[in-house]
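The following exercises are to be worked through with the structure in view. Each task is followed by its solution in steps.

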Amino acid sequence: MQQIINFLIRNKNFLLFLLLLFLSLILTIQSHSYHKSKFISSTNFLSGGVYGWRYSINNYFGLKNKNERLLEENVQLRNRLSKLTRDTIATTYIDTSSFNQPYTFIEGNVYKNDYSKADNYILINKGEKDGIESDMGIITDKGIVGIVENTSKNYSRVISILNSNSRINAGLKRSNQYGSLVWNGKDPNIVQLETVPRQAILKKGDTIITNGRSTIFPRGIGIGTILNYELDQNQSYFLIDVQLFNDMTDIGFIYAIRSNHATEIKLLETPKVDE
Amino acid sequence: MNNNILLYIGRFLILVLVQVFVLNHINFLGYLNPYIYIIFILLAPININKSLFLFLSFILGLTIDLFGDSGGIHATACICIAYLRPVILRSVFGLSYEFQTVKLSKVGFGQRLAYVTLIVLIHHIILFSLEIFNFSHILLIAKKTLFSSLFSIIVIMVVLVLFRRKDS
């Protein structure tokens, strides 16, 4: 017994080192698996607050650019609206929020955006109290950004498409073939679309959109255009480089998409146990 | 002594804030960031309690991880260099370390550069291996380690020269 205690005391630094190493390695490994990296996250009040402070300073420098982007988006939406109804000043006012619309959008601002690491996350200033939940899709005016992974009361962490854990269903605009969108960690504005069957007819410059197979993103949200494509080693699937519409290094504001039918769809998809 | 503790706490806070506010967003050439918060580990007193030192390094790394959403990679890298620091000190400074008379502001440029380079290299190798976490990308790890280390070493040496303590 004496010897054991002596051994422990003699090697206490080494044992402490091993313990701390073990702890930090567990945290590291957890951060590499989807939906498990909950302990060390910037959504806590300390880092969220500090990033908010930084945002409130930096915000002023991008106002002009932000305004222009909002105007552009407004023009697009107005053009689309004028196609739908000849007379944009509707004679009777209809409150669309009372309808059972499939998706609701929530706006938010980006507090922190990474793009130079292998696993990148984005911190936004909306949390549970604003109705953000995990697995909600995040887009900007131009295209998709990522999926909410972790929420706290006031902040949420978004797993960016520039993350090795991110896998998003995406397809071609002109046909129904689809694949999954991943990132190889190199260029923050180019992502890869994998497992598109070789029967698909591709052309450089074709548009890639979300295909609405999951409840996260509605169909038809822009992702990017085909930059390059080749067949994989087995000659059965295409590997496509996609140039993103978004500039991932410059995301000012985002919209979170709440799918109002998600629970209903999930209920149908899960097999019933009692039968 | 009391004064020194305040100095170390202040250094800790300032280094963390500068790292997460400014240096994590430099992205020089697209992906290069200098990691200068390890100056805290570089400049810790030679005769510091080893257990306390390990624990402080762990907290330092974990704080950076918290802000950067990087799991535990900085914490791992930090405790490794904290544990290896005595070995590196002995191999770089030799006898004067044994007698605990090393003052980083007084040693020659060559010795200081060797010390900083060794620590930064070990830190960055561990950091980027864990960040990318995929040995099929070993070239990417090597590239990131090499260029980031160069960047970090230059910035750290400049900071050490600029903020040298005049009194001691």
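**Exercise 1: a nonpolar patch**

M1(A), I4(A), I5(A), F7(A), L8(A), I9(A), F14(A), L15(A) and L18(A) make a nonpolar surface patch of about 870 Å². Such a patch joins nonpolar side chains (Val, Leu, Ile, Met, Phe, Trp, Tyr) within 5 Å, from residues with over 30% relative accessible area and no salt bridge; areas come from the Shrake-Rupley method with a 1.4 Å probe. This is a predicted model, in which local features need pLDDT of at least 70 and side-chain atom pairs count only at pLDDT 80 or more. Residues are numbered from 1 along each chain, and chains are lettered from A in the order in which they are written.

Task: state which element gives the largest share of the nonpolar patch.

Step 1. The elements giving two or more residues are α1 (2–10) and α2 (12–31) of chain A; helices are DSSP runs of H or I, at least four residues.
Step 2. The largest share, five residues, comes from α1(A). L8(A) lies in this helix.

**Exercise 2: two helices of chain B**

Task: determine how α4(B) and α6(B) are oriented to each other.

Step 1. The axes of α4 (residues 73–93) and α6 (residues 109–132) of chain B come within 9 Å and cross at roughly 150°.
Step 2. The two helices are therefore roughly antiparallel (over 145 degrees).
Step 3. The residues of their contact divide into 18 nonpolar, four polar and two charged.

**Exercise 3: a salt bridge**

Task: locate the partners of the salt bridge between D141(A) and R69(A).

Step 1. Their side chains meet at 2.8 Å, N to O; the limit for a salt bridge is a Lys or Arg side-chain nitrogen within 4 Å of an Asp or Glu carboxyl oxygen.
Step 2. D141(A) is in the loop between β3 (137–139) and β4 (144–151) of chain A, and R69(A) in helix α4 (residues 63–84) of chain A, 72 residues apart.

Methods
Side-chain values use heavy atoms; hydrogens and water are left out. Axes are lines fitted to C-alpha atoms, for helices over the stretch in contact, and angles run from 0 to 180 degrees between N-to-C directions. Angles under 35 degrees count as roughly parallel, over 145 as roughly antiparallel, 65 to 115 as roughly perpendicular and the rest as oblique. Ala, Val, Leu, Ile, Met, Phe, Trp, Tyr, Cys and Pro count as nonpolar, Asp, Glu, Lys and Arg as charged, and the others, Gly among them, as polar. Patches are made of residues with over 30% relative accessible area and no salt bridge: like charges are joined within 9 Å, nonpolar side chains (Val, Leu, Ile, Met, Phe, Trp, Tyr) within 5 Å.
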